[in-house]
Amino acid sequence: MSSLSFENVKKVYDNGHLAVKDFNLEIEDGEFIVFVGPSGCGKSTTLRMLAGLEEITDGIIKIDEKIVNDVEPKDRNIAMVFQNYALYPHMNVYNNMAYALKNQKMDKKLIDKKIKEAAKLLEIDQYLDRKPSKLSGGQKQRVALGRAIVRNPKVFLMDEPLSNLDAKLRLQMRTEINRLHKELKSTIIYVTHDQTEAMTLGDRIVVLKDGIIQQVDTPTNLYNNPKNKFVAGFIGSPQINFINASVKDDKLYVDKNIVDISNYKNLKNYNNKDITIGIRAEDISFEDEFENGFSLNAKISIIESLGSEDIVYTEFNGQEIILRDFKNRNFKIGDVHKIYLNANKMKFFDNETKEVI
Ligand code: ADP
């Protein structure tokens, strides 16, 4: 278990590419931190710098208050779990898990105890004699986790560990990793491009874009209070809706609709300016149910039936607006319907800075 910190960490690759820019983060002992963002945003680079597998160009990385910039990877007491498992194919599960401990010249009995405990925790005790080729993807990933656990590292680093698994197994392993974190109380840093994975696993989530931290927050805060348009759009499924609007004399104009915004002090500075509204699919309805709201006439374009709900894609003035609808309404594609927007749940974004207003 361990605390970690990044201070002004920067990575420029030899080809001049700036992969991570001024990364600052304090991680508490036992926290489950998720780095999330689109491919190429610098997640793996940051993780690899922490592991010591990548040199840092500038800044300081500390583990337990100690600067580790020049500490060898093997001496950082960190265990990494990768998406491709990286198991030794010629060794059975037991020996895969024992490998690092044998190298440390750990007592054989102690190795055996650790492996049996970890195998039980991960429910792979019946596979200890098997070679990796005789295991399913989920079982291999458990072995990879087991190999990390027996080392009793200060920190677990996980780089997209579930992305090779099918959807059902991914869900199962996600629950498993959550359970492991609760039992081991270890510090985990987990990299994924999947926002659902991030939301369900992280105590706190670090949203990255182009090597720059956009926001560090709890899943709920990221969802409810995104700092900018990127975070609002990246977190949440279906994606948040963005709708063009303009401000005039304490009123918000959405096409010809007028919304009273005298309560939104921040919008006063935007008089005679265009802004963007952000509103989530569950804050729009086919029924007039909101205390403070307005309606638009939208054309139904796609309906995705998920059983418990329908995700309805509509079009308004060339903009896509998505609703979550819990009633089976037998709408027809191309029909125009009134949709009601909950003005109390709207976010507003500056069209220039893309920051929340
Ligand atoms: P992510 O994990 O978020 O997908 P990475 O950290 O792997 O992103 O990469 C961040 C950026 O750095 C990308 O634009 C990638 O192409 C670039 N990059 C990664 N590794 C190298 C390298 N060895 N040399 C040059 N550029 C690299």
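**Close-up views of the predicted model**

View A. Helix 4 (residues 137–150) lies across strand 6 and strand 7 (155–159), running at about 175° to strand 6. Contact denotes heavy atoms within 4.5 Å; axes are lines fitted to C-alpha atoms, for helices over the stretch in contact, with angles from 0 to 180 degrees between N-to-C directions. Helices (H or I, at least four residues) and strands (E, at least two) are DSSP runs numbered from the N terminus. The model is predicted: local features need pLDDT of at least 70, side-chain atom pairs count only at pLDDT 80 or more, and totals for chains, interfaces and linings use all residues. Residues are numbered from 1 along each chain as its sequence is written, and side-chain values use heavy atoms, with hydrogens and water left out.

View B. Six strands form an open sheet of mixed pairing in the order 6-7-8-3-9-10, where pairing requires at least two DSSP bridges between two strands. From one strand to the next, the twist averages 15°. Strand 3 (residues 32–36) pairs with strand 8 (residues 187–192) in the parallel sense over 5 bridges; Val191 in strand 8 is the bridge partner of Phe35.

View C. Residues surrounding the ligand include Tyr13, Asn15, Pro38 and Lys43, where a residue is near if one of its heavy atoms lies within 4 Å. Oxygen atoms of the ligand lie 3.1 Å from a polar side-chain atom of His17, 2.9 Å from a polar backbone atom of Ser44 and 2.5 Å from a polar side-chain atom of Thr45.

Key:
Polar contact = N/O pair within 3.5 Å; in protein donor to acceptor, adjacent residues only side chain to side chain.
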